[in-house]
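Trainee: I am new to this one. Could you walk me through how its parts get their names?
Mentor: Gladly, let us look at it together.

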Amino acid sequence: MPSAADHEFMARALRLAELGLYSSTPNPRVGCVIVKDGVVVGEGWHRRAGEAHAEIHALQAAGDQARGATAYVTLEPCSHHGRTPPCADAMIAAGVSRVVAAMQDPNPQVSGRGLALLRNAGIVTDCGVLGSEAQELNIGFVSRMTRGRPWLRLKLATSLDGKTALENGASQWITGPEARQDGHRFRARACAILSGIGTVRDDDPLLNVRGVETERQPLKVVLDSRLELPLNAKLLEGGGVLVACAIDDAARSAALRQRDAEVLCLPNPEGKVDLPELMMELGRRGINEVHVEGGSRLNGALLVAGLVDEFLIYLAPCLIGHAARGIFDMLALESLADKAQLSISDLRMLGPDVRILARPIP
């Protein structure tokens with residue numbers, strides 16, 4: 001039975017894992033704390049793919065004191081050879097006597113094998129301490145491993161009357177600086193930022209992370225069925241752009257490739273971009289979290305397709321009027337019984353604005 005100390009040290013490991021919030025992708029965010037006789041003797045966190053995992057950093061910090069110690073790790077130690085050797089083997093070699101994992105690794109290459117390897121070596125294992133917190137931290141990695149597609153978070157900045165822009169498309173700024181800065185933190189944790197050609201034409205956004213210290217920029221993904229993206233669009237600066245289209249136009253594709261953009265043709269039967277297939281393709285590319293900043297048409301299409309996993313809503317204390325642009329462009333409901341039900345998981349003030357995190361109820 002896990003003790004209060006187990007929860008305390010696992011909470012510390014989770015705080016370490018959070019240090020990789022912006023950098024560990026496509027790998028999970030993992031922290032590790034090694035404790036001997038109630039004292040922390042080593043700790044570490046996974047910084048970036050290709051480098052040592054959290055367990056290795058912690059074992060190196062602990063040195064000989066790892067023998068007979070308890071290791072607290074936020075994700076089951078890996079048991080396979082990837083870019084780095086298996087962490088379970090390193091735990092065994094170091095002489096750790098007990099391993100407490102927050103959750104089992106959803107990666108089919110591991111999925112319980114790491115813990116089994118430890119047990120077969122005579123190491124006591126426990127799994128599930130602060131498991132919900134660990135899963136939330138790696139919600140995108142879990143989604144990609146179990147569903148084959150990223151976790152999709154739809155960001156909305158709206159007035160109290162549910163408007164995201166004026167009738168002429170002007171939307172800067174509905175919310176205050178605190179909300180906008182928070183939005184960039186969510187951009188930074190994402191692996192890709194998704195927008196539509198309409199938003200790009202109206203706002204000419206950079207679609208990058210600003211004002212947040214990060215060593216990488218997310219992939220910029222533009223839904224552009226007819227390849228209408230202007231070659232002077234700001235988001236093309238600096239590369240890292242994927243244009244998803246529905247037509248095979250060699251000339252336009254070549255022009256975009258000259259701007260270092262990748263063009264991916266994924267048409268559906270209606271002549272639009274196949275959104276479910278795009279999500280699966282992003283999953284195959286190691287994208288864990290997608291942050292959406294689009295207009296009502298894209299928002300509605302994603303919602304109707306059942307691809308929205310979470311809503312990130314910034315609600316500003318202002319009124320814009322009925323002629324302004326709404327949040328979703330979708331077919332009208334004939335019955336309130338068909339309304340989309342949401343569960344609010346977090347609600348807080350950011351300056352004058354309210355931030356709501358909500359998820360669809362199946």
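Mentor: We start with a definition: two strands pair if DSSP finds at least two bridges between them. Strands (E, at least two residues) and helices (H or I, at least four) are DSSP runs, numbered from the N terminus. The model is predicted, and local features need pLDDT of at least 70, side-chain atom pairs count only at pLDDT 80 or more, while totals for chains, interfaces and linings use all residues. Residues are numbered from 1 along each chain as its sequence is written, and side-chain values use heavy atoms, with hydrogens and water left out.

Trainee: How do you know that β8 and β9 pair?
Mentor: Four bridges join β8 (residues 219-223) to β9 (residues 241-245), and the definition asks for at least two, so they count as a pair. These two strands run parallel. Val221 stands opposite Leu242 in β9.

Trainee: What is the order of the five-strand sheet?
Mentor: That open sheet runs β2-β1-β3-β4-β5, with mixed pairing. Its edges are β2 (39-45) and β5 (124-127); each has a single partner strand, so one side of each is left without a neighbour in the sheet. Within this sheet, β1 (residues 31-36) and β2 pair in the antiparallel sense over six bridges, and Ile34 stands opposite Gly42 in β2.

Trainee: Why is α3 called roughly parallel to α4?
Mentor: The axes of α3 (residues 87-94) and α4 (residues 113-120) cross at roughly 20° and come within 9 Å. Angles under 35 degrees count as roughly parallel, over 145 as roughly antiparallel, 65 to 115 as roughly perpendicular and the rest as oblique. The crossing angle therefore makes α3 roughly parallel to α4.

Trainee: Which residues meet there?
Mentor: Ala88, Asp89, Met91 and Ile92 in α3 meet Gly114, Leu117 and Leu118 in α4.

Conventions: Axes are lines fitted to C-alpha atoms, for helices over the stretch in contact, and angles run from 0 to 180 degrees between N-to-C directions. Contact means heavy atoms within 4.5 Å.
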